[in-house]
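Biologist: I have a chain to look at and some questions to ask. Can you take me through it step by step?

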Amino acid sequence: MELRNEEEILEAKAVDISLKDLSNKLEEFAKARDWEKYHSPRNLLLAMVGEVGELSEIFQWRGEVDKGLPNWKESDKEHLGEELSDVLLYLIRLADICGIDLGDAAARKIIKNAIKYPPKVMF
């Protein structure tokens, strides 16, 4: 299979990436730029909150939107994906710097929530 453009290359590379893979890439990215000294838990959290604000702006005046965003332009969806990615990447980096296995913590939280909020049984 020959990839014809940059978008296809990026899609092919991002198909099955794990949280650990992303964590490793973020660590390499920070090291290569000597940014590790700035990556304290507080700084990462504040940066993530700023990105959540940018994410919120996308929805701010749209009211309720349909699942799948059927009435959105592709450029708006792309922008949304970028802002969601910014939040995710800061969250992964924050968890890594704090020594939290985010995948394990999320799986445990899902189990706790399932116990705390069991499904309703219909008779």
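Biologist: In which helix do E27 and K31 both lie?
Modeller: This is a predicted model, so the answer rests on predicted coordinates. E27 and K31 are four residues apart, about one turn of the helix. Both sit in helix α2.

Biologist: How far apart are the closest N and O atoms of E27 and K31?
Modeller: Side chains of opposite charge can pair when their charged atoms come close. The cut-off for a salt bridge is 4 Å. E27 and K31 form one, and their closest N and O atoms are apart by 3.3 Å.

Biologist: Is E27 buried, exposed or partly exposed?
Modeller: Buried means under 20% relative accessible area, and exposed means over 50%. E27 has 27%.

Biologist: Which residue forms a salt bridge with R93?
Modeller: Look in helix α4, three residues from R93, about one turn of the helix. The N to O distance of this pair is 3.6 Å. The partner is D96.

Biologist: Is R93 buried or exposed?
Modeller: The limit for buried is under 20%. R93 has 5% relative accessibility. D96 has 27%, so D96 is partly exposed. R93, in contrast, counts as buried.

Biologist: Which residue forms a salt bridge with K37?
Modeller: K37 itself is exposed, because its relative accessibility is 55%. The closest N and O atoms of the pair are 3.0 Å apart. The partner is D34.

Biologist: What is the phi of D34?
Modeller: Most residues other than glycine have a negative phi. D34 is not a glycine, yet its phi is positive. D34 is partly exposed, at 48% relative accessibility. Its phi is about 55°.

Biologist: Where is L69, which has a positive phi of about 50°?
Modeller: L69 is not a glycine either. Its relative accessible area is 13%, so L69 is buried. Its place is the loop between α3 and α4.

Biologist: How many salt bridges are there by this rule?
Modeller: The rule asks for a side-chain nitrogen of Lys or Arg within 4 Å of a carboxyl oxygen of Asp or Glu. The pairs E27 with K31, K37 with D34 and R93 with D96 are among those counted. The count comes to six.

Biologist: Which element gives the most to the lining of the largest pocket?
Modeller: The pocket holds about 360 Å³ of space. Its lining has 15 residues, and L26, F29, H39, L89 and Y90 are the closest to the centre. Elements that give two or more residues are α2, α3 and α4. With five residues, the top giver is α2.

Biologist: How many residues of that lining are nonpolar?
Modeller: Take the other classes to begin with. Two lining residues are polar and three are charged. The nonpolar ones number 10.

Biologist: Which residues form a nonpolar patch on the surface?
Modeller: A patch member needs over 30% relative accessible area. F29, in helix α2, is partly exposed at 39%. Together the patch has about 330 Å² of accessible area. Its members are F29, W35 and Y38.

Biologist: What pattern does the protein chain follow along the sequence?
Modeller: The protein chain has 123 residues, and buried ones make up 15%. There are five helices and zero strands. The pattern is α-α-α-α-α.

Technical notes: Residues are numbered from 1 along each chain as its sequence is written. This is a predicted model: local features need pLDDT of at least 70, side-chain atom pairs count only at pLDDT 80 or more; totals for chains, interfaces and linings use all residues. Side-chain values use heavy atoms; hydrogens and water are left out. On a 1 Å grid over the protein atoms alone, a cavity is a set of points where a 1.4 Å probe fits but cannot get out, and a pocket is an open set with protein on both sides within 12 Å along at least five of seven lines; lining residues have an atom within 4 Å of a point. Grid points are joined across faces, edges and corners, and a volume is the space filled by probe spheres set on the points. Ala, Val, Leu, Ile, Met, Phe, Trp, Tyr, Cys and Pro count as nonpolar, Asp, Glu, Lys and Arg as charged, and the others, Gly among them, as polar. Patches are made of residues with over 30% relative accessible area and no salt bridge: like charges are joined within 9 Å, nonpolar side chains (Val, Leu, Ile, Met, Phe, Trp, Tyr) within 5 Å. Accessible areas come from the Shrake-Rupley method with a 1.4 Å probe; for residues, only the protein chains shown count as cover. Buried means under 20% relative accessible area, exposed over 50%, partly exposed in between (1.4 Å probe, protein chains only).
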